[in-house]
Amino acid sequence: MTPTNGRPPAGDAAGGGQAGAGGGTVEGRPTTADSRADGQPGNESGAGPGPARRDTVAAVVRQWRAVHPGLDTGPMEVIGRINRCAALLQQAEDAPLRRAGLSRPEFDLLGALRRTGHELTPGDLARETFSSGAAVTKRLKHLTERGLVERRGDTRDRRVAHLRLTDTGRALVDGILPEQLSYETAVLSVLAPEGQGDLAALLADLLSGLEGRMGPVRA
């Protein structure tokens, strides 16, 4: 997330640079096409014709190929870049949350209460945020003490609590969300709109397949 001018915050990404089209940086500058080590143009990642890549994953792939020339690095090139992008994005987006005194899991709980628009039980929140019950209980304690969330006991079962945002909690979420979206828009601007749509569709297919096979990860 960034200030509302739409530019990612300087120094928030690892190494003080901004994510480039290749998914990495070289001395703080977005990476661009390069040539192979033998001086010939090509695709360093080995994913077919196209420009070579100089992101951090391409360097790892190049090293593995030197050790194992016959190694199929295709999965590494995809999953490694997804993991690297996720780490860089989370590092930058967490800065506004830290300024607000929130962890990302805590903001996820606040966001779930805001976007659903109605009271939720701790169990509901665990499912909405893919979290364990114990983790949700701990986070809710902090949010309640800060006056961001309030609970109401169930009239029929005292063991059940119903949770909702306070006015302060709602204002906090509504204040942070535009900043997050502004940041994400700036980051994705390295891709053409049609490229963003293609990437979203591919990631949706991957996520659907993984969730169908492994189920959601709970933290």
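Which side chain does Arg115 meet in a salt bridge? The partner is Glu128, at 3.0 Å from N to O. A salt bridge here is a side-chain nitrogen of Lys or Arg within 4 Å of a carboxyl oxygen of Asp or Glu.

## Basis of the model

This is a predicted model: local features need pLDDT of at least 70, side-chain atom pairs count only at pLDDT 80 or more, and totals for chains, interfaces and linings use all residues. Residues are numbered from 1 along each chain as its sequence is written, and side-chain values use heavy atoms, with hydrogens and water left out.

## Overall layout

The protein has seven helices and four strands. Helices (H or I, at least four residues) and strands (E, at least two) are DSSP runs, numbered from the N terminus. From that end, the order of elements is β-β-α-α-α-α-α-β-β-α-α.

Of the 219 residues, 32% count as buried. Buried means under 20% relative accessible area, exposed means over 50%, and partly exposed lies in between (1.4 Å probe, protein chains only). Contact means heavy atoms within 4.5 Å. Among contacts with a separation of 6 or more, 50% come from residues 24 or more positions apart.

## Helix H3 and its two partners

Helix H3 spans residues 104–116 and packs against helix H6, residues 167–188. Their axes are 10 Å apart, and the angle is about 105°. That makes H3 roughly perpendicular to H6. Axes are lines fitted to C-alpha atoms, for helices over the stretch in contact, and angles run from 0 to 180 degrees between N-to-C directions. Angles under 35 degrees count as roughly parallel, over 145 as roughly antiparallel, 65 to 115 as roughly perpendicular, and the rest as oblique. From H3, the contact uses Phe107, Leu110 and Arg114. Across from them in H6 are Arg170, Leu172, Val173, Asp174, Ile176 and Gln180. By class, this contact has five nonpolar, one polar and three charged residues. Ala, Val, Leu, Ile, Met, Phe, Trp, Tyr, Cys and Pro count as nonpolar, Asp, Glu, Lys and Arg as charged, and the others, Gly among them, as polar.

H3 also meets helix H5, residues 133–145. The two axes come within 10 Å and cross at roughly 80°. H3 is therefore roughly perpendicular to H5. Pro105, Glu106, Leu109 and Leu110 supply the H3 side. The H5 side consists of Val136, Arg139, Leu140, His142 and Leu143. Six nonpolar, one polar and two charged residues make up the contact of H3 with H5.

## Strands S3 and S4

Strand S3 (residues 149–153) runs antiparallel to S4, and five bridges join them. Two strands pair if DSSP finds at least two bridges between them. Gly153 stands opposite Ala161 in S4.

Strand S4 covers residues 161–165. Four of its five residues are buried, so S4 is largely enclosed by the rest of the structure.

## Salt bridges

The count comes to 11 salt bridges. Side chains of opposite charge can pair when their charged atoms come close. Arg115 and Glu128 form one of the bridges. This pair links distant parts of the chain: Arg115 sits in helix H3 and Glu128 in helix H4 (residues 122–129), 13 residues apart. Arg115 is exposed, at 54% relative accessible area. Glu128 is partly exposed, at 32%.

Arg152 and Glu119 meet at 2.6 Å, N to O. They too link distant parts of the chain, with Arg152 in strand S3 and Glu119 in the loop between H3 and H4, 33 residues apart. Arg152 is partly exposed at 34%, and Glu119 is partly exposed at 23%. Arg127 and Asp124 also form a salt bridge, at 2.6 Å from N to O. These two are three residues apart in helix H4, so about one helical turn separates them. Arg127 is exposed at 51%, whereas Asp124 is partly exposed at 23%. Salt bridges that share partners join Glu119, Glu150, Arg152 and Arg164 into one network.

## Gly80 in helix H2

Gly80 lies in helix H2, residues 74–99. At 22% relative accessibility, Gly80 counts as partly exposed. Leaving aside neighbours within four places in sequence, Gly80 is in contact with Val57 and Pro75. The C-alpha atoms of Gly80 and Thr56 are separated by 9.2 Å, and the two residues are 24 apart along the chain.
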